[in-house]
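Here is a short note for anyone opening this model for the first time. Please read the points with the structure in view.

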Amino acid sequence: MNFDDHLNATGALCPIPVLKAQKRLKKLKSGDILNILADDPAAVIDFPHFCSEQGHTLIKIDDHKDFKSFFIRKTWNNHLFTNIFTIRYALCAYLRITKFE
């Protein structure tokens, strides 16, 4: 798969791979694809959650023998999405609503 930037996060443990990816994604244009290599077992949980929270798209996860390769597309409006999500989450927590659609 083609990608615009590459990050090797092998050897790093949670939360470092996600933090490095977040920093790298800030430098990319919207629509660009970041390929991340990670061998942390928690990465298969962390990256989907990170993309869901930040509004990015997790395109694909390739499973290799010693690591996984994650392909994330940066969204054009992730800062606005994050702010809206954070406000909505805080409001739901304030109202003691734990489940929202």
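1. Helices (H or I, at least four residues) and strands (E, at least two) are DSSP runs, numbered from the N terminus. In those terms, Thr75 sits in the loop between E4 and helix H3 (78-94). Bear in mind that this is a predicted model.

2. Start with the overall plan. The protein chain has three helices and four strands. Along the sequence they follow the pattern β-α-β-α-β-β-α. The chain has 101 residues, and 33% of them count as buried. Its accessible surface is about 6,800 Å², with 57% belonging to carbon and sulfur atoms.

3. Contacts reach well along the sequence. Take those between residues at least 6 apart: 64% join residues at least 24 apart.

4. Next, the sheet. It is open, has four strands and mixed pairing, and its order is E1-E2-E4-E3. Strand E1 (5-8) and strand E3 (57-63) are the edges, each pairing on one side only. On average, neighbouring strands are turned by 20 degrees against each other, direction ignored.

5. Helix H1 (residues 16-27) packs on this sheet. H1 touches E1, strand E2 (33-38) and E4. The direction of H1 makes about 160 degrees with that of E1. Helix H2 (residues 43-54) lies across E2, E3 and E4. H2 runs at about 0 degrees to E4.

6. Look closely at E3 and strand E4 (residues 68-73). They run antiparallel and are joined by six bridges. A hairpin of four residues links E3 to E4. Lys60 stands opposite Phe71 in E4. Asp62 has Ser69 of E4 as its bridge partner.

7. Which residues have the most contacts inside the largest nonpolar core? They are Ala21, Leu25, Leu34, Ile36, Phe47, Phe70 and Ile72. The core has 15 residues. At least two come from each of H1, E2, H2 and E4. H2 gives the largest share, four residues.

8. Setting aside neighbours within four places in sequence, Leu25 is in contact with Leu34, Phe50, His56, Ile72 and Lys74. Leu34 and Ile72 are also among the core residues with the most contacts.

9. Return to Thr75. Leaving out residues up to four places away in sequence, Thr75 touches Ser30, Gln54, Gly55, His56 and Thr57. Thr57 is 18 residues from Thr75 in sequence, yet their C-alpha atoms are 7.0 Å apart in space.

10. Last, the cysteines. How many disulfides does the structure hold? The count is zero. A disulfide is a covalent bond between the sulfur atoms of two cysteines. Cys14 is partly exposed, with a relative accessible area of 43%. Cys51, by contrast, is buried, at 4%.

Notes
Residues are numbered from 1 along each chain as its sequence is written. This is a predicted model: local features need pLDDT of at least 70, side-chain atom pairs count only at pLDDT 80 or more; totals for chains, interfaces and linings use all residues. Side-chain values use heavy atoms; hydrogens and water are left out. A disulfide is a pair of cysteine sulfur atoms within 2.5 Å. Buried means under 20% relative accessible area, exposed over 50%, partly exposed in between (1.4 Å probe, protein chains only). Contact means heavy atoms within 4.5 Å. Accessible areas come from the Shrake-Rupley method with a 1.4 Å probe; for residues, only the protein chains shown count as cover. Two strands pair if DSSP finds at least two bridges between them. Axes are lines fitted to C-alpha atoms, for helices over the stretch in contact, and angles run from 0 to 180 degrees between N-to-C directions. A nonpolar core is a set of buried Ala, Val, Leu, Ile, Met, Phe, Trp, Tyr and Cys residues joined through side-chain atoms within 4.5 Å.
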